[in-house]
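Hello,

Please find the structure below. My notes on it follow.

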Amino acid sequence: MSTVDPETLSQWYPLAMLEDLTEPHFQTMLLDRFIDVSRDDKGALQVLCGNRSLPARERYGYLWTSLGEPVRDIPSIPEADESDRRLVCCGSIAVHSSGLRVVENFLDMAHFPFVHTNILGAEPETEVRRYQIETREGGEEIWATDCTFFQPQAALSASGGILTDYTYRVAAPFSTLLYKTCPASPDRQDVIALFVQPMTPTRSRAHPVMFLIDETSPLEGLVEFQQFIFLQDRIILENQRPRLMPLDGKYEIPTMADRSSVAYRRWLKAKGVTYGVLA
């Protein structure tokens with residue numbers, strides 16, 4: 001069993017979509033520990049690690065828990081409370097990769113034309129325009145702002161290519177979000193979150209959830225679209241070597257397009273995150 005650093009241990013993590021917890025018992029892993037989920041006589045969810053009872057929180061359509069004593073709450077998403085937004089939970093997808101690499105891939109725009117061809121990008125529009133990096137919440141979050149990228153189909157509801165505005169937010173080491181141009185309401189933004197459950201240092205489950213302004217697209221289509229995008233990413237993630245995230249710059253040479261990745265790795269190092277990191 002790997003040693004878990006205090007920063008990683010103290011975070012909140014999703015375990016499963018609430019609507020998938022239909023059986024009396026559900027078992028999963030979190031930070032090398034086996035986790036058991038069940039319901040008591042009143043139907044309330046219980047989370048156990050061995051004989052130890054863990055907190056059980058329901059948020060954004062998922063069940064969350066923590067193995068430590070969280071200093072911060074589950075990431076706040078004010079848009080989730082807007083009455084005209086649709087909550088779209090997109091399942092839980094296993095990935096044979098460090099959870100940190102899963103988050104880093106989510107932050108990367110350079111792969112859009114080559115991995116998500118004719119959806120999130122297409123040649124010859126391959127340039128990642130310069131964007132800004134900043135920390136917020138007293139250094140507890142990283143934000144990448146002023147991001148733009150041409151996308152042939154930015155969302156299921158999009159009817160043609162648009163120059164999409166992006167803002168990325170790393171809210172916790174294993175939780176990240178993006179805010180992007182909403183095709184149905186250009187003056188507002190759709191929100192897509194990716195919450196990662198690190199099962200072991202090199203195995204994870206990704207839990208994507210969207211908060212959309214889209215009254216017309218069928219739920220099945222929205223889920224299928226997002227899962228299709230992520231499954232394209234999974235192929236890349238599972239072929240990356242090493243599977244662990246290297247924080248030392250000598251292992252992987254960044255370019256200007258990788259400014260968010262560089263900032264993320266430096267932030268992890270400063271926080272003392274070692275779980276899922278190449279020693």
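Is Trp143 buried or exposed? Trp143 is buried, with a relative accessible area of 12%; buried means under 20% relative accessible area, exposed over 50%, and partly exposed in between, with a 1.4 Å probe and protein chains only.

The model is predicted: local features need pLDDT of at least 70 and side-chain atom pairs 80 or more, while totals for chains, interfaces and linings use all residues. Residues are numbered from 1 along each chain as its sequence is written, and side-chain values use heavy atoms, without hydrogens and water.

Aromatic pairs

There are eight aromatic pairs in the structure. Rings of Phe, Tyr and Trp (its six-membered ring) pair if their centres lie within 6.5 Å; planes under 30 degrees apart count as stacked, over 60 as edge-to-face and the rest as tilted. The ring centres of Trp64 and Phe195 are 4.8 Å apart and their planes are at 70°, so this pair is edge-to-face. Trp64 lies in strand S7 and Phe195 in strand S14, 131 residues apart; strands are DSSP runs (E, at least two residues), numbered from the N terminus. Trp64 is buried at 0% relative accessible area, and Phe195 is buried at 0%. Trp143 and Tyr179 are stacked, 5.7 Å centre to centre with 10° between the planes. Tyr179 is buried at 5% relative accessibility.

Charges over rings

The charged end of Arg57 sits over the ring of Trp12, 4.9 Å from its centre. For this, NZ of Lys or CZ of Arg must be within 6 Å of the ring centre and within 35 degrees of the ring normal.

Regards

Conventions:
Helix = DSSP H or I, 4+ residues; strand = E, 2+ residues; numbered from the N terminus.
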